Amino acid sequence: MALEQAIITWIHLVCAAIWVGGSLFIAIVFAPLLKTMAPTVEERLQIMIKAGRRFNKIAIPSLVILIATGIFNVHQMILRPDFLLSTSYGIMVVIKIILVIALLISFGAHVRIIRKEVEQKIVQKQLSEVQIAKLRKKIIIVGETTVVISIAILFVAALLDAGI
């Protein structure tokens, strides 16, 4: 049983590293570097969307696995709502669940903003500069929100691991 739990925790941590690490890489390294590589906002958006779609091929399965392993890790507690609300550990689990729901909403909004037809309009140069600027602003706000929520989830996980 201990080995099974260790493997599940390891899978959970690997998926968290993929999700959060990849998101931070895109935000802190790739996006600023892209400014030096592509002269226009439109070109940068095209490249960023392509990179994001490629990243999502591993990020979305990682997120699904994170949620599944997280549920497995607390399944006994979820079955006992009285324990969830009567202990500090349970309250931290509830906070983490709320943050995960917020993350899913934020990521869903991000995916909705950059849907296929929007990408096609960018590629076919059907958007004005004003529309491109608004789209870029939305992408940045929702993307940053997703990253901040992801980091907050990691902090709550650290609190849980510390037994707080």
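I132 lies in helix α6. Helices here are DSSP runs of H or I, at least four residues, numbered from the N terminus. A word on the source: this is a predicted model, where local features need pLDDT of at least 70, side-chain atom pairs count only at pLDDT 80 or more, and totals for chains, interfaces and linings use all residues. Residues are numbered from 1 along each chain as its sequence is written, and side-chain values use heavy atoms, with hydrogens and water left out.

Is I132 buried or exposed? Buried, at 5% relative accessibility. Buried means under 20% relative accessible area, exposed over 50%, and partly exposed in between, with a 1.4 Å probe and protein chains only.

What does I132 touch? Leaving aside residues up to four places away in sequence, the contacts are V41, E42, L45, I122 and L127. Contact means heavy atoms within 4.5 Å. Take V41: 91 residues separate V41 and I132 along the chain, yet their C-alpha atoms are 7.5 Å apart.

Now to I122. Helix α5 covers residues 116-123, and its buried residues are V118, E119 and I122. They sit on the same side of α5, because they cover an arc of only 100 degrees around the axis. That arc is taken from the directions from the helix axis to the C-beta atoms. These buried residues pack against α2 (41-78), α4 (88-113) and α6 (129-161). Just after α5, K125 has a positive phi of about 55 degrees.

Last stop, I78. I78 is in helix α2. I78 is partly exposed, at 36% relative accessible area.

Notes
Helices (H or I, at least four residues) and strands (E, at least two) are DSSP runs, numbered from the N terminus.
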